[in-house]
Amino acid sequence: MSKPVVLIAEELSPATVEALGPDFQVVNVDGTDRPALLAAVATADAILVRSATQVDAEVLQAASALKVIARAGVGLDNVDIKAATSAGVMVVNAPTSNIISAAELTVGHILSLARHLPQAHEALSNGLWKRSAYTGTELYEKTIGIVGLGRIGALVAERVKGFGVTIVAYDPYVTSARAQQLGVQLVSLEELLAQADFLTIHMPKTPETTGMIGAEQLAQMKPTAYVVNVARGGLIDEQALYEALAAKTIAGAGLDVFVQEPPKDLPLLALSNVIVTPHLGASTDEAQEKAGVSVAKSVRLALAGELVPDAVNVAGGVIDPYVRPGLPLTEKLGQVFSALAHSSLTSIDIEVHGELANYDVKVLRLAALKGIFTNVVSDSVSYVNAPLIAEQRGVEVRMFSDGETEDYRNVVTIRGALSDGSQISVSGTLTGTKQVEKIVEINGYDVELPFAEHMIVFTYRDRPGIVATYGRLLGEAGINIAGMQVARDVEAGRALSVLSIDSPAPESLLSELRSEISADTLREIDIVD
C-alpha cells in the first residue's frame, strides 16, 4: 500500500518532518503559488501550513483525499474552518506552542516602556546623546496588574516576580488558592486599574472582552501607568487609548496586536509614548519548532484514526458512534454552565445518566471542560489542555455515570460548587431522530428548550405580568424572542425563565430587564459552535 501523503506548504523546522516519522510520503510545495498548491493538494491526506497559505473552499474542493489541515501555530485566520468541517476535514493547530514566547515578549514590552529602550536606541543611532530625555523608572516595588490569569498571564506573573514587584490580577474564573500559589492578589478590575503601574491584558477576544479596556477604564488609571497588549487586537479600545496617551492621562503603551493587521493610518503609531511590534508573540525559533512538532503529532494521530487533542472543529479518535453526538451537546452545556457562574469554581461534577453509562464516556469529561473554559480564558482550549486549565485554577473535577434516568433516554449534567458556597447545575439531552440538543434543567428548574446562539436566563419572584414585561422590553429594543420556557418551584415562589433570542442583547437592556422584573440573577449566554 502507498503511504499517506503529507503536503508541507511552508517552511517548517526539520524537527517537524522528523516528528512525522517514516510512515508518510512528504511532499513540499510553495503554498503561496496558487496553481501549484491546487495541483499538489489533490492527492494529499494532510496539509501543514503556517500563516501564508490560504486553505479555503477552493483548496478543499480540490483536495478529495484530504483528512486533516494542520496549522503550525495558534491563529487560524488563513483556514476556512466552516468549509473544512462541511467537507469532513479535521483542523488542528498548536495552541500552547507560543505561550512562553508571548509571556517573554510581554516582559520585554514592560521593560521597554519602563526604560524607553526603543526611543533611546533610535536617538543614539541618529547621533543624539540624550541621556536626560530618557530617564526611566524601576520596576522594583511597582505594581503589575494582570488582566486574565490563564497560562500566559500566569507565566508573566512568574517572570516579573523576580523584579520585586507587587502583582495583582483580575480573573473571575481563578480561585484564590490558585492565585495564592502564584503569589498574586486577586482584585476587582476597578481595584486593579487604580493600583497598577503596569497593566498587561491576557484575555480571549469575545464580544464581552472586546474593548474591555476603554475610555472609562483608562480614566481610572494613574497618569504614570503603562498598558501592554500582546494578546488580541481590540481588547483595548484603540481610539480611547490614543486619546488617553495624547492627553497624558496614562504614561505609555506597548502593543504587539491591532484591530487591523497590519495597521493602516493608525494614529497610535505616531505617538512618542507608544512602543509597537508587528505581532511577534509567536515569532521565536523555539515557538515555531514547538508548533511544527505539535501539529506533526496531531497529523499522525488523525491519520491513524485516534483522538486528536488539538482538533478545533471535530472530535477525532476512537469514540463510539453512540457517544459521539454527546460531544457538542456537552460542550454547549459547559458554556451555559460557565455563563451561570457568578464567582470562581471550586469543583465540577460531570454526570452521565441513562444508556450512555454502558459506554466509554470519558471523552465527555473533556468536552465539558472544553466548553466551560472556552469563553473564560485567554488560551485556546482543547481536549488536551482543558483538564490542565482546571488543575491550574485549583478546580476539582469528578465524573459519575449510572443507568438511571426518568424522563429521557440519556441526560448529561454538569454540576459545580462556587467559591461563595453556592452551587449551579445544567443538564441536557438529545431528542428525536434528528438528535436535537436541548437544555432540560437549570439549577434544579425543569425546562426543555433547544440551544440557541443567544440566550438569556434569569430568576425572579413568581408573579403575574413578568412575561409581558420582558416581552415588551425586548420588543422595544427590536430583539425577537425565538423560544421561551418558564419554570417555577412552587406557586408564587421563585421562577426561572430561559429565552432564545435572535440577536445579542446590549448590557443597557439587560440592566433594564434586571431592574424591571427585580431579577435575582440574570445572565446572557452566547453559544460558540
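## Basis of the model

Because the model is predicted, local features are reported only at pLDDT of at least 70 and side-chain atom pairs only at pLDDT 80 or more, whereas totals for chains, interfaces and linings use all residues. Residues are numbered from 1 along each chain as its sequence is written, and side-chain values use heavy atoms, with hydrogens and water left out.

## Overall build

The protein contains 17 helices and 22 strands, where helices (H or I, at least four residues) and strands (E, at least two) are DSSP runs numbered from the N terminus. Its radius of gyration, taken over C-alpha atoms, is 25 Å, close to the 24 Å that the globule rule gives for 529 residues, so the protein is as compact as a globular protein of that length; the rule itself is 2.2 Å times the number of residues to the power 0.38. Along the principal axes, the C-alpha atoms fill a box of roughly 80 × 65 × 45 Å.

Of the 529 residues, 53% are buried, a term that stands for under 20% relative accessible area, with exposed meaning over 50% and partly exposed in between (1.4 Å probe, protein chains only). Among contacts (heavy atoms within 4.5 Å) with a separation of 6 or more, 63% are between residues 24 or more positions apart.

## Surface and charge

The protein exposes about 23700 Å², and carbon and sulfur atoms supply 50% of that area; accessible areas come from the Shrake-Rupley method with a 1.4 Å probe, and for residues only the protein chains shown count as cover.

There are 40 positive and 64 negative side chains, and the centres of the two sets lie 3 Å apart. Lys and Arg count as positive and Asp and Glu as negative, while His and the chain ends are not counted; each charge is placed at NZ of Lys, CZ of Arg, CG of Asp or CD of Glu.

## Strand β21 and its partners

Strand β21 (residues 494–501) has 7 of its 8 residues buried, so this strand is largely enclosed by the rest of the structure. Strands are taken to pair if DSSP finds at least two bridges between them. Strand β19 (residues 454–461) runs antiparallel to β21 and is joined to it by 8 bridges, with Phe 458 standing opposite Ser 497 in β21. Strand β20 (residues 481–488) is also antiparallel to β21, through 7 bridges, and here Met 484 stands opposite Leu 499 in β21.

Glu 516 lies in helix α17 (residues 507–516) and, at 41% relative accessibility, counts as partly exposed. Leaving aside neighbours within four places in sequence, Glu 516 is in contact with Arg 463, Thr 469, Arg 472 and Leu 473; the C-alpha atoms of Glu 516 and Thr 469, which are 47 residues apart along the chain, are separated by 7.5 Å.

Lys 290, in helix α12 (residues 285–303), is partly exposed with a relative accessible area of 39%, and beyond its neighbours within four places in sequence Lys 290 is in contact with Ser 97 and Ile 100. Leu 280 sits in the loop between β12 (274–276) and α12 and is partly exposed, with a relative accessible area of 34%. Not counting residues up to four places away in sequence, Leu 280 touches Leu 105 and Asp 256; Leu 280 and Asp 256 are 24 residues apart in sequence and 6.6 Å apart in space, C-alpha to C-alpha.
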